[in-house]
Amino acid sequence: MPKLKIAPSILASDFGRLGEEIETCIDAGADWIHVDVMDGHFTSNITIGPPVVASLRKYSTVPLDVHLMITDPDEYVADFANAGADLISFHVEAVKHPLRTIEKIRDLGCQVGIVLNPATPEDAIEYLAEHVDLALVMTVNPGFGGQAFIPDMLRKIRSVRAMMGDKDVEVDGGIDATTARDAIEAGANVLVAGSYIFGHDSYLEAIDTLKALGE
Ligand code: DX5
Ligand code: ZN
């Protein structure tokens, strides 16, 4: 299995001090910064767009992992790539021709991730796995931080790990020290965590706890 990576989700951070917040996470050992983009259509919530990613780029010395929860990724991937995204993930449910979207993101010079909602079976990415760098198994329904991990997703993580071989399998939603252990055991190696990390007084302690699960 590839190396365990911790990707704090800035959704749970203090947006008024975003630069400081990500610097603290990076000093604490964050491997990636996870950026949740919501458009009010794919999800009911609205979060951030390319200008914020461009600002984050100036503060981040680690890759920006941009998770698009939007209905029309094809329309916006260039803006996120130009803003400085390193990896762009989109939902398989959002596009008609995922292989074209994958190619478009690659042509922009970014790594590509494909995302599955909790209700979407792993078969949806069977013919995409070999074309992407990462598969993201949503362990909550997208839209908000602080929701409970859906245990049934462990089964999906196992199947997706089998499809992805040595590539990254990311989990997102309801990750804490307990659910992270189960997700790693099932085959996940990239842990997105929002409330768990930003809810701790010490981000260092929270990130260390998650990292220790990979040892
Ligand atoms: C949910 C987002 C997640 C969210 C996770 O739609 O994709 O990245 O921030 O938050 P927690 O870790 O609080 O469940
Ligand atoms: Zn996310």
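User: Which residues are closest to ligand 1?
Analyst: S9, D36, D172, G194 and S195 are the closest of the 20 residues that surround ligand 1; surrounding means a heavy atom within 4 Å. This is a predicted model, where local features need pLDDT of at least 70, side-chain atom pairs count only at pLDDT 80 or more, and totals for chains, interfaces and linings use all residues. Residues are numbered from 1 along each chain, chains are lettered from A and ligands numbered from 1 as written, and side-chain values use heavy atoms, without hydrogens and water.

User: How far is S195 from an oxygen atom of ligand 1?
Analyst: A polar side-chain atom of S195 is 2.3 Å from that oxygen. For G146, a polar backbone atom lies 2.8 Å from an oxygen of ligand 1.

User: What coordinates the zinc ion (ligand 2)?
Analyst: H34 (NE2), D36 (OD), H67 (ND1) and D172 (OD) do, at 2.0 to 2.3 Å. Donors are N, O and S atoms within 2.8 Å of the metal (3.2 Å for Na, K and Ca); water is not among the atoms, so sites may look incomplete.

User: Why is the arrangement octahedral?
Analyst: Because the 6 donor atoms subtend angles of 66 to 165°. Six donors count as octahedral if opposite ones are over 155 degrees apart and all others between 65 and 115.

User: Are H34 and D36 buried or exposed?
Analyst: H34 and D36 are both buried (under 20% relative accessible area; exposed is over 50%, partly exposed in between; 1.4 Å probe, protein chains only).

User: Switching topic: what is I33 in contact with?
Analyst: Beyond neighbours within four places in sequence, I33 contacts residues including P8, I10, V62 and L64. Contact means heavy atoms within 4.5 Å.

How values were computed: Tetrahedral: all angles 85-135°; square planar, octahedral: opposite > 155°, others 65-115°. Polar contact = N/O pair within 3.5 Å; in protein donor to acceptor, adjacent residues only side chain to side chain.
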